[in-house]
Amino acid sequence: MGKIKVEKPTPEKLKELGVDSWPIWEKEVSEFDWYYDTNETCYFLEGEVEVTTEDGEKVVIKKGDLVTFPKGLKCRWKVVKPVRKHYNLY
């Protein structure tokens, strides 16, 4: 199983990926279980999330992070601050 990958992208990288054209997803403060049946890359415009994987890995994601979630990942999302993100499923 792949790991969650978090990076601080350059404006050039965001442009290269075409992030501005990706759909936007928003979520209020909440907690929920999630399963990725496809790969997802997303760019956080606002908010803060703690994602805990099945094996106990905890990843904190904040505004400005570019995150890749691997297909097959089971995890728990804890939205600490309301989230607004661009996302791309592939």
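Start with strand β7, which gives the most to the lining of the largest pocket, with four residues. The model is predicted, so treat each stop as a feature of that prediction.

**The pocket.** Select residues 74–89 for β7 and 30–35 for β3; each of these strands supplies at least two residues of the lining of the largest pocket. Coloured by class, the lining shows eight nonpolar residues, three charged and one polar.

**Glu 50.** Next, select strand β4, residues 40–53, and pick out Glu 50 within the strand. Is Glu 50 buried or exposed? Glu 50 counts as buried because its relative accessible area is 19%, and the cut-off for buried is under 20%. Show side chains here: Glu 50 and Lys 58 are joined by a polar contact of 3.4 Å. Beyond its neighbours within four places in sequence, Glu 50 is also in contact with residues including Val 59, Val 60, Arg 76, Trp 77, Lys 78 and Val 80.

**The cysteines.** Last, select Cys 42 and Cys 75. How many disulfides does a search of the whole structure find? The search finds zero. Cys 42 is in no disulfide, and the nearest cysteine sulfur, that of Cys 75, lies 11 Å away. Cys 42 is buried, at 0% relative accessible area; Cys 75 is buried too, at 7%.

Terms used. Residues numbered from 1 in each chain as written. Predicted model: local features only at pLDDT ≥ 70, side-chain atom pairs only at ≥ 80, totals over all residues. Heavy atoms only, no water. Buried < 20%, exposed > 50% of the residue type's maximum accessible area, 1.4 Å probe, protein only. Polar contact = N/O pair within 3.5 Å; in protein donor to acceptor, adjacent residues only side chain to side chain. Contact = heavy atoms within 4.5 Å. Nonpolar A, V, L, I, M, F, W, Y, C, P; charged D, E, K, R; others polar. Disulfide = S-S within 2.5 Å.
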